[in-house]
Amino acid sequence: MSIDQNDKPEDLPTLGRALLWLDTKKNVDRIVYGLYIVCAILFTADFLYHKHVYLGVEEFPGFYALYGFFMCAALVISAKIMRLFLKRPEDYYAPYDVESEKYPEDQLERKTHDG
Amino acid sequence: MAETFPIAFLFFAGAAGLLALPKGHARAALLLAVPVVACLFVWSLPEGNLWTVRFFNLDLEFMRVDRLSRIFALIFTIAAFLGNLYAWHVRDTVQQLAALLYAGSAIGAVFAGDLITLFFYWEGTAITSVFLIWARRTEGAYHTGVRYLIVQVGSGVLLLAGAALFYRESGSIAFDKMTLGSIGTWLIFLAFGIKCAFPLLHNWLQDAYPAATVTGTVVLSAFTTKLAVYALARGFPGTEMLIYIGAVMTLFPIFFAVIENDLRRVLAYSLNNQLGFMVVGIGIGTELSLNGTAAHAFAHILYKALLFMSVGAVLFRTGTAKGSELGGLYKTMPLTMIFCVIGAASISAFPLFSGFISKSLILSAASHDGYYIVWAILLFASAGVFHHSGIKIPYFAFFAHDSGLRPKEAPLHMLLAMGLTAFLCVAIGVFPGPLYALLPFDVDYVPYTTTHVVTQLQLLFFSALAFTVLMRTGIYPPELKSVNLDTDWTYRRLMPVLIGSVSGVLSKVWAAQSNFTQTRIRAVIARLYHSHGPEGRMAQSWPTGSMVIWIAVLLGFTLIVNFLS
């Protein structure tokens with residue numbers, strides 16, 4: 001597989017070329033700011049319509065937003081702590097496991113985009 | 001009875017026909033034709049018990065058709081078609097046969113109206129599917145396949161034992177709603193639970209699915225576990241314990257999924273999590289929740305297959321499916337990336353995608369029936385599944401740090417299979433009506449309300465926000481080359497070590513003990529020999545007549561006994 005950090009846009013498929021603007025840090029930042037704005041809008045949306053809910057807790061403004069945010073953060077942090085106990089080298093179960101094996105080449109069709 | 005026949009036989013006939021055809025496009029075309037024909041048949045079947053065989057005073061029902069079995073059979077034929085289209089390039093007869101027989105067995109099991117027929121097809125799915133793992137033809141895949149087979153066949157043996165006990169208790173082998181209580185029903189429940197990957201019984205799934213071939217995993221993901229969901233929905237609807245089992249099932253896999261490196265194993269964990277939603281639906285047991293289970297199984301088979309297809313395509317082109325090795329593929333595999341994102345949006349239940357209109361039935365059922373804690377767990381699991389399947393899979397495969405890999409776009413037939421599946425995911429999400437019409441009970445549910453859409457978007461976008469914040473602050477755990485211990489550690493490491501050390505100690509104790517006894521016995525013999533042997537001191541004074549005297553005493557004793565009795 002060729003490693004070229006400076007892709008020539010003309011070699012990429014059309015769709016890939018169109019997506020190339022994701023390659024610059026500035027545009028990624030723009031997406032992130034976009035996400036912040038969408039989140040802010042969604043949060044304020046809670047005050048703008050009448051919620052039809054079954055549970056008392058759902059009526060709390062921004063319940064779903066806060067629940068999603070904090071539970072996900074908790075999920076990642078606890079998973080990170082789990083890793084301290086559970087992580088083992090890749091060949092831990094070898095050779096009784098496919099983890100450290102190479103995928104058999106004859107079943108693949110490895111190709112680079114420029115042939 | 002004359003005009004119909006078991007749909008499974010169509011697949012078995014197809015498998016026989018496959019061998020008659022030359023390798024190449026003809027076989028691949030047959031693999032596509034069989035599911036299409038089967039789908040048309042399933043669609044047009046009337047309801048009822050259509051094919052009964054009398055066998056030793058037992059009625060074996062091969063074709064019990066009702067709304068529940070029909071929707072599962074229908075999605076199984078669709079999944080078989082999509083999986084075979086994805087595998088168009090495969091020229092391996094073993095895999096082609098396995099795919100057909102496996103799909104046939106799963107469909108046969110869904111239509112089985114009694115426990116004996118169910119058992120045969122149940123074992124059929126186990127034995128045929130293992131070849132999709134062995135087809136990788138490496139040592140690791142061989143061992144993984146053996147582990148998988150032991151678990152699957154074990155589940156079948158439990159089912160048979162349960163069926164036998166159930167027959168003795170009730171005098172019937174009919175496969176209908178059961179109540180937990182007797183040993184027989186518990187064994188059947190356990191058999192279903194193993195195949196459904198209940199917590200602590202789950203690990204065969206994450207162990208085996210990533211070890212299968214590129215196309216094998218796509219096929220595997222559709223049938224076995226959803227067959228178990230069907231069996232639970234048929235046999236144990238409204239069993240309250242299932243609600244809690246299901247809630248735990250949605251919960252713990254998401255933690256493992258966050259730190260898992262092999263993306264196909266991440267998907268196996270999220271498959272487990274999605275099964276949890278279905279199991280909760282079965283446990284609640286209302287019309288709404290059972291509809292939710294059936295709808296979610298239908299939608300899930302499609303988007304899960306789509307995700308496995310897209311990661312499989314990456315594996316096919318790069319030789320790896322590990323998050324630590326991938327990244328930046330969007331430039332050269334943009335279509336695969338887009339299909340992956342559609343699958344991710346569907347599993348995350350974004351509005352307008354299939355997961356949204358199916359999962360919400362189960363969540364609504366949980367909150368309507370007052371299972372608040374379960375509802376909160378399911379909500380957390382929904383956010384979690386978006387986190388690791390919705391974001392992590394596409395992000396680490398196609399974006400993240402640039403791996404420098406510039407693979408070619410997936411081959412045409414894979415793109416077609418992914419495109420078709422993606423189309424179905426979106427179509428179901430946008431027009432839920434046709435799917436709702438297929439469900440076991442009449443549906444009175446509107447998924448697209450303002451409240452529902454807004455709250456769901458809040459949940460998802462703020463989960464994405466959490467991901468972004470954690471990623472940008474560097475807290476998010478990086479993808480590392482590693483394996484994580486799960487319950488399989490107990491039988492792959494702990495048990496062998498325990499058994500090894502116990503047997504080591506026992507054999508030493510045994511050897512010492514027998515050694516000790518032997519030396520003692522030898523010493524006694526030597527001493528006796530020393531004193532009583534021909535050369536011994538005692539032998540010197542032995543009168544020859546002493547033997548005669550002893551015989552006389554013995555005879556005298558016998559005489560007295562004889563006389564007295």
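These are my notebook entries on a two-chain model, which is predicted.

**Entry 1: chain A by itself**
I started with the UniProt record, an unreviewed entry, which lists residues 31–49 and 61–79 of chain A as "transmembrane region". I then looked up both spans in the model. Residues 31–49 of chain A are 79% helix and 0% strand, with end C-alpha atoms 27 Å apart. Next came the domain assignment, which gives domain 1 (1–45) and domain 2 (50–106) for chain A. Their C-alpha centres are 25 Å apart.

**Entry 2: where the chains meet**
How many residues of chain B are in contact with chain A? I found 68 residues of chain B, meeting 61 residues of chain A. Helix α18(B) provides the largest share of chain B's side, 17 residues. Sorted by class, that side of chain B has 34 nonpolar, 23 polar and 11 charged residues.

**Entry 3: two helices in chain B**
I finished with α14 (residues 354–368) and α16 (residues 412–430) of chain B, whose axes come within 6 Å and cross at roughly 55°. That angle is why I call α14(B) and α16(B) oblique to each other. On the α14(B) side I noted Ser354(B), Phe356(B) and Ile357(B), which meet Cys425(B), Ile428(B) and Gly429(B) of α16(B). This contact has four nonpolar, two polar and no charged residues.

Note on methods: Residues are numbered from 1 along each chain as its sequence is written. Chains are lettered from A and ligands numbered from 1 in the order in which they are written. This is a predicted model: local features need pLDDT of at least 70, side-chain atom pairs count only at pLDDT 80 or more; totals for chains, interfaces and linings use all residues. Axes are lines fitted to C-alpha atoms, for helices over the stretch in contact, and angles run from 0 to 180 degrees between N-to-C directions. Helices (H or I, at least four residues) and strands (E, at least two) are DSSP runs, numbered from the N terminus. Angles under 35 degrees count as roughly parallel, over 145 as roughly antiparallel, 65 to 115 as roughly perpendicular and the rest as oblique. Two residues are in contact if their C-beta atoms, placed from the backbone, lie within 7 Å. Ala, Val, Leu, Ile, Met, Phe, Trp, Tyr, Cys and Pro count as nonpolar, Asp, Glu, Lys and Arg as charged, and the others, Gly among them, as polar. UniProt positions are given in the numbering used here, feature names are shortened, and annotations may be inferred rather than shown by experiment. Domain bounds come from an automatic or database domain assignment.
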